[in-house]
Amino acid sequence: MGKDTIADLLTSIRNADMNKKGTVRVVSTNITKNIVKILLREGFIESVWKHQENNRYFLVSNL
């Protein structure tokens with residue numbers, strides 16, 4: 001069974017919004033980067049930046 005990165009991304013954003021969290025952090029992959037670019041362009045998120053932690057990259061965004 002593979003990971004569903006698109007569902008994980010959207011669920012993380014939805015849960016953060018429902019719980020009134022200001023930011024959300026997701027694993028950075030090509031798919032998540034492209035989806036986040038679209039969400040940023042369409043105004044669903046305010047900003048996004050890349051964060052590295054223990055040789056793993058994450059996308060952090062303000063909702």
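Student: What is the volume of the largest cavity?

Tutor: In this predicted model, the largest cavity has a volume of about 40 Å³.

Student: What makes that space a cavity and not a pocket?

Tutor: A cavity is a set of points where a 1.4 Å probe fits but cannot get out, whereas a pocket is an open set. The structure holds 1 cavity of 30 Å³ or more.

Student: Which residues line the largest cavity?

Tutor: Look for Leu9, Ile13, Val24, Val26, Val36, Ile45, Leu59 and Ser61. Helix 1, strand 1 and strand 3 (56–62) each supply at least two residues of that lining.

Student: How do the residues of that lining divide into nonpolar, polar and charged?

Tutor: You get 7 nonpolar, 1 polar and no charged.

Student: Okay, serine 61 then. Why does serine 61 count as buried?

Tutor: Just set the value against the cut-off. Buried means under 20% relative accessible area. Serine 61 has 6% relative accessibility, so it counts as buried.

Student: Where does serine 61 lie, and what does it touch?

Tutor: Serine 61 is part of strand 3. Leaving out residues up to four places away in sequence, serine 61 touches Gly22, Thr23, Val24, Ile45, Ser47 and Val48.

Student: What makes a set of residues a nonpolar core?

Tutor: The residues must be buried, be of the listed kinds, such as Val, Leu and Ile, and be joined through side-chain atoms within 4.5 Å. Here the largest nonpolar core has 10 residues: Leu9, Ile13, Ala16, Val24, Val26, Ile35, Val36, Leu39, Ile45 and Leu59. Helix 1, strand 1 and helix 2 (30–41) are the elements that give two or more residues to this core.

Student: Isoleucine 35 is in that core. Which residues is isoleucine 35 in contact with, leaving aside its neighbours within four places in sequence?

Tutor: Those are Ile6 and Leu9. To count as contact, heavy atoms have to be within 4.5 Å.

Student: Now the largest pocket. What is its volume, and which residues line it?

Tutor: The largest pocket comes out at about 150 Å³. Its lining is made of Lys3, Thr5, Asp8, Leu9, Ser12, Val26, Val27, Thr29 and Thr32. Helix 1 (5–18) and strand 1 (23–27) are the elements that give two or more residues to it, and helix 1 has the largest share, 4 residues.

Note on methods. Residues numbered from 1 in each chain as written. Predicted model: local features only at pLDDT ≥ 70, side-chain atom pairs only at ≥ 80, totals over all residues. Heavy atoms only, no water. 1 Å grid on protein atoms, 1.4 Å probe; cavity = no way out; pocket = protein on both sides within 12 Å on 5 of 7 lines; lining within 4 Å. Points joined across faces, edges and corners; volume = space filled by probe spheres on them. Nonpolar A, V, L, I, M, F, W, Y, C, P; charged D, E, K, R; others polar. Buried < 20%, exposed > 50% of the residue type's maximum accessible area, 1.4 Å probe, protein only.
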